[in-house]
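Reader: Please take a close look at one part of this model, the surroundings of the ligand, and describe it in a connected way.

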Amino acid sequence: MKLIVTGGAGFIGSNFVHHVIEHTDHHVTVLDKLTYAGNLASLDGLPDDRFTFVKGDIADAALVDELVAGADAVVHYAAESHNDNSLDDPKPFLDTNIIGTYTLLEAVRRHSVRFHHISTDEVYGDLELDDPNRFTEATPYNPSSPYSSTKAGSDLLVRAWVRSFGVQATISNCSNNYGPYQHVEKFIPRQITNVLRGERPKLYGAGLNVRDWIHADDHSSAVLTILDKGAIGETYLIGADGEKNNKDVVELILEQLGQPADAYDHVNDRPGHDLRYAIDSTKLRTELGWQPRYTDFTAGLAATIDWYRDNEAWWAPQKDATEARYAAQGQ
Ligand SMILES: NC(=O)c1ccc[n+]([C@@H]2O[C@H](COP(=O)([O-])OP(=O)(O)OC[C@H]3O[C@@H](n4cnc5c(N)ncnc54)[C@H](O)[C@@H]3O)[C@@H](O)[C@H]2O)c1
């Protein structure tokens, strides 16, 4: 297959591109605008005959049309993805997450090309810490931030284009990813790189917020499974039963890097900070037979720490500017 991967120079998109090149015969064309979050170095080492990079905006209708016309499928990762940035300036989130997704949908509609839309469990809002329930495909949408509301809007556009125009699309909503190539603004890389630089990790508020962690490589294998076997029009939740609160994650990182577990600082909590996310991925596991490979979060985290230790040249250029931005926000 000829795949277009939007946002393939970002964190999860680049992990997916490496996964596809390693595990399939597909050809991949990455379409990426290279915002501050995109990094061509994340795609180093890919074979020239299997991979093409196109710099461009998913909201550029002419460019998107030309690329989609020659493709068998589009896997859509490109997004403005950082909650904190969406609180500061929501407009780019509307431009990319809503208008960009609309532009892609119109192109796959015109050319009858298969579409897979990548989304997040944040569209469901949050759960109480002691709620026995987890999110399922039937949970009502209840997004909290400009980021999650634009992702929710893009999911609904995909559903409408399936129903109204017969677009051949599937959707996945995944929990929080960790792994290599994640920008240092995000929680886990920020804490790891702080400790690697001899600085103290920063914990939002009391750190009791719970996230359901999945390794990015497991997210990639799930997306390939859905692309291969998913039923058109269906939504699949992707998760690996990795619930952990932020305080425990910081303590684990400190421990694994040989520091006292309490050597971190508390910083201002994020406004509207979601309490807990938790995914029930039974549908994906039972209907499509998918299983995660990284079932031990501690081992996956250790491998991720090793990657950041070995790849300082990849993250160091972004670290100072990222910390300056956080400092200005009191975080
Ligand atoms: N990070 C997570 O834990 C997580 C969890 C579930 C779902 N998701 C979803 O996965 C996708 C990827 O997330 P990520 O964490 O890798 O994000 P990221 O910010 O690391 O990467 C986004 C990529 O999209 C590109 N991009 C942004 N705007 C663009 C535009 N207008 N045109 C073309 N390219 C553009 C950026 O340059 C970057 O390479 C997003 O759709 C996000 O909502 C992320």
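Author: Helices and strands are here DSSP runs, numbered from the N terminus. With that in place, in this predicted model the largest share of the shell around the ligand comes from β5, which gives three residues. An oxygen atom of the ligand lies 3.0 Å from a polar backbone atom of threonine 35, while an oxygen atom of the ligand is found 3.4 Å from a polar backbone atom of leucine 34, and a nitrogen atom of the ligand is 3.0 Å from a polar backbone atom of isoleucine 58. Taken alone, the ligand exposes 840 Å², of which the protein buries 97%. The elements that give two or more residues to this shell are α1, β5 (114–120) and α5 (146–165). Of the 28 residues around the ligand, those that come nearest are Ile12, Asp32, Ser81, Tyr147 and Lys151, and by class the shell divides into twelve nonpolar, twelve polar and four charged residues.

Helix α1, one of the elements that contribute to the shell, also packs against another helix: the axes of α1 (residues 11–23) and α7 (residues 216–229) come within 9 Å and cross at roughly 65°, and the crossing is right-handed. On the α1 side the contact is made by Phe11, Ile12, Asn15, Phe16, His19 and Val20, and on the α7 side by Ala216, Asp217, His219, Ser220, Ser221, Val223 and Leu224. By class, this contact of α1 with α7 has seven nonpolar, five polar and one charged residues.

Note on methods. Residues are numbered from 1 along each chain as its sequence is written. This is a predicted model: local features need pLDDT of at least 70, side-chain atom pairs count only at pLDDT 80 or more; totals for chains, interfaces and linings use all residues. Side-chain values use heavy atoms; hydrogens and water are left out. Axes are lines fitted to C-alpha atoms, for helices over the stretch in contact, and angles run from 0 to 180 degrees between N-to-C directions. Helices (H or I, at least four residues) and strands (E, at least two) are DSSP runs, numbered from the N terminus. A crossing is left-handed if the near helix is turned anticlockwise from the far one by less than a right angle, and right-handed if clockwise. Contact means heavy atoms within 4.5 Å. Ala, Val, Leu, Ile, Met, Phe, Trp, Tyr, Cys and Pro count as nonpolar, Asp, Glu, Lys and Arg as charged, and the others, Gly among them, as polar. A residue is near a molecule or strand if one of its heavy atoms lies within 4 Å of it. A polar contact is a pair of N or O atoms within 3.5 Å; within protein, one must be able to donate a hydrogen and the other to accept it, and residues adjacent in sequence count only if both atoms are side-chain atoms. Accessible areas come from the Shrake-Rupley method with a 1.4 Å probe; for residues, only the protein chains shown count as cover.
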